[in-house]
Amino acid sequence: MGDLLGVAVLGAGHMGADHVRRLDQVVSGARVAAVADPDADRAREAVAGVEGAVVHTDPVAALDAPGVSAVLIASPGPAHEEALLAAFARGLPVLCEKPMVPDSAGALRVLEAEARLGRRLAQIGFMRRYDAEYLRLKALLDGGRLGRPLMLHCTHRNVSSPDHFTSAMLVNSSVSHEIDAARWLLGQELTAVTVLRPAPSAGAPPGLADPQFVLFETEGGALVDVEVFVNCGFGYQVRCEAVCEAGSARIGDGHTMVVTAGGGATEEVAQDYLVRFADAYDREVQSWVDATRRGLVTGPGVWDGYAASVVAEAGVRSLENGGRVAVDLAPRPALYR
Ligand SMILES: NC(=O)c1ccc[n+]([C@@H]2O[C@H](COP(=O)([O-])OP(=O)(O)OC[C@H]3O[C@@H](n4cnc5c(N)ncnc54)[C@H](O)[C@@H]3O)[C@@H](O)[C@H]2O)c1
Ligand SMILES: O[C@H]1[C@H](O)[C@@H](O)[C@H](O)[C@@H](O)[C@H]1O
């Protein structure tokens, strides 16, 4: 294959810094060419020891840095639209962290911009599609041995949420993963959302509606429920059970070590996503680099990011106003059929 992919990483926070390390030390076929963060110290810290990477505080300047041939967007969700459009304007391939764009109007602008280009440039960071357990479940469901899926029961727990987390973000940031996973596992669009809020946990920051219970309906008549609880305090737990006509299958319990000693057994529970999904992020980024070097997009794309934003926005409306909210997707452009 040709030259190394020179990646500009936008955002050097938790995910951005971890992706810089991954591109530099884990993944083959790519190098970090530039890192941009308005917080220059954070950007400098992320590139410490990375050879040849320049630091910028302006993300757009990083796209124009010498040697940049691709972009990894790991800034906060509201900054993604501008970065995606700037990358498209330069013809640069992109891996964009989820959510692609938190609001559906912005997501539609990104969809229309890529459709206008007439070629796919962006992959969205729905890394569960690269997790070994999710891949096994997908293969099982596609193989048909369990018959038609009727329901997915999902659990999504975080130890604690960042300070800036809002009630809407439980749906449009956290549950965006279940939205994508359900669409992918079932091969169906989601058509309606109902969000219920139990009495908030005493462990949640005041005013945060945490936990929430989210119910999705699909175009094929399946139901998907999600318990999302982002200040559970005890562990990072992501589970999914598919209930089908001829059996059920559950994932999410297999990522652990059980230590037996002194007459008792203890089971480790991951404390964050960087541990639970470490392998998935590695596979995701390697697969993006490989496909990009061949001029392809093989992972979840802009249509998936757009659909997730529309579903999440319907969910936020249900959270705020109550009741069941229908999902209204724009027609799917030919590029994504
Ligand atoms: N796939 C996953 O499991 C996963 C996990 C965590 C976060 N994320 C996503 O990754 C993204 C970043 O999340 P995080 O937890 O790293 O956040 P963070 O707050 O730790 O870091 C964000 C960084 O972006 C910088 N920034 C702000 N505006 C910017 C801009 N316009 N351009 C470039 N940088 C900018 C901030 O200064 C900060 O350093 C979000 O979209 C989030 O949803 C995904
Ligand atoms: O941004 C993060 C990330 O997407 C994690 O995978 C998820 O578990 C968190 O809830 C979310 O806040």
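1. In which sense do strand 4 and strand 5 pair, and over how many bridges? In this predicted model, strand 4 (residues 70–73) and strand 5 (residues 94–96) pair in the parallel sense, over three bridges.

2. The axes of helix 1 and helix 10 (residues 278–293) come within 11 Å and cross at roughly 60°, and the crossing is right-handed. On the side of helix 1, the residues that meet helix 10 are His19, Arg22 and Leu23; their counterparts in helix 10 are Tyr281, Asp282 and Val285. By class, the residues of this contact comprise three nonpolar, one polar and two charged.

3. Which residues lie around ligand 2? They are Asn158, Ser173, Ser174, His177, Val230 and Tyr273. Of the residues in this shell, two are nonpolar and four are polar, while no charged residues are present.

4. A further open sheet has seven strands, in the order 12-11-7-10-9-8-15, and its pairing is mixed. Strand 12 (247–251) and strand 15 (324–326) stand at its edges; each has a single partner strand, so one side of each is left without a neighbour in the sheet. On average, neighbouring strands of this sheet are turned by 15° against each other, direction ignored.

5. Strand 7 (residues 149–157) runs parallel to strand 10 (residues 223–229), and seven bridges join the two. Two of the partners can be named: Arg157 has Phe229 in strand 10 as its bridge partner, and Cys154 has Val226 in strand 10. With strand 11, strand 7 pairs in the antiparallel sense, over eight bridges. Here the bridge partner of His153 is Glu241 in strand 11.

6. Which strands does helix 8 touch? Helix 8 (residues 176–186) touches strand 7, strand 8, strand 9, strand 10 and strand 11 (237–244), and its direction makes about 155° with that of strand 7. Helix 11 (residues 302–321) likewise packs on the sheet, touching strand 8, strand 9 and strand 15. The direction of helix 11 makes about 30° with that of strand 8.

7. Cis peptide bonds deserve a separate entry. The peptide bond from Lys98 to Pro99 is cis, with omega near -15°; Pro99 is found in the loop between strand 5 and helix 5 (104–117). Asp210 and Pro211 are also joined by a cis peptide bond, with omega about 10°. The location of Pro211 is the loop between strand 8 (190–196) and strand 9 (212–218).

8. As to the overall form, the chain contains 11 helices and 15 strands. Its radius of gyration is 20 Å, close to the 20 Å that the globule rule gives for 337 residues, so the chain is as compact as a globular protein of that length. Taken along the principal axes, the box filled by the C-alpha atoms of the chain is roughly 60 × 55 × 45 Å.

How values were computed. Residues numbered from 1 in each chain as written. Chains lettered and ligands numbered in written order. Predicted model: local features only at pLDDT ≥ 70, side-chain atom pairs only at ≥ 80, totals over all residues. Near = placed C-beta within 6 Å. Nonpolar A, V, L, I, M, F, W, Y, C, P; charged D, E, K, R; others polar. Axes fitted to C-alpha atoms, helices over the stretch in contact; angles between N-to-C directions. Helix = DSSP H or I, 4+ residues; strand = E, 2+ residues; numbered from the N terminus. Left-handed = near helix turned anticlockwise from the far one by under 90°. Contact = placed C-beta atoms within 7 Å. Pairing = 2+ DSSP bridges. Rg over C-alpha atoms; globule rule 2.2 N^0.38 Å.
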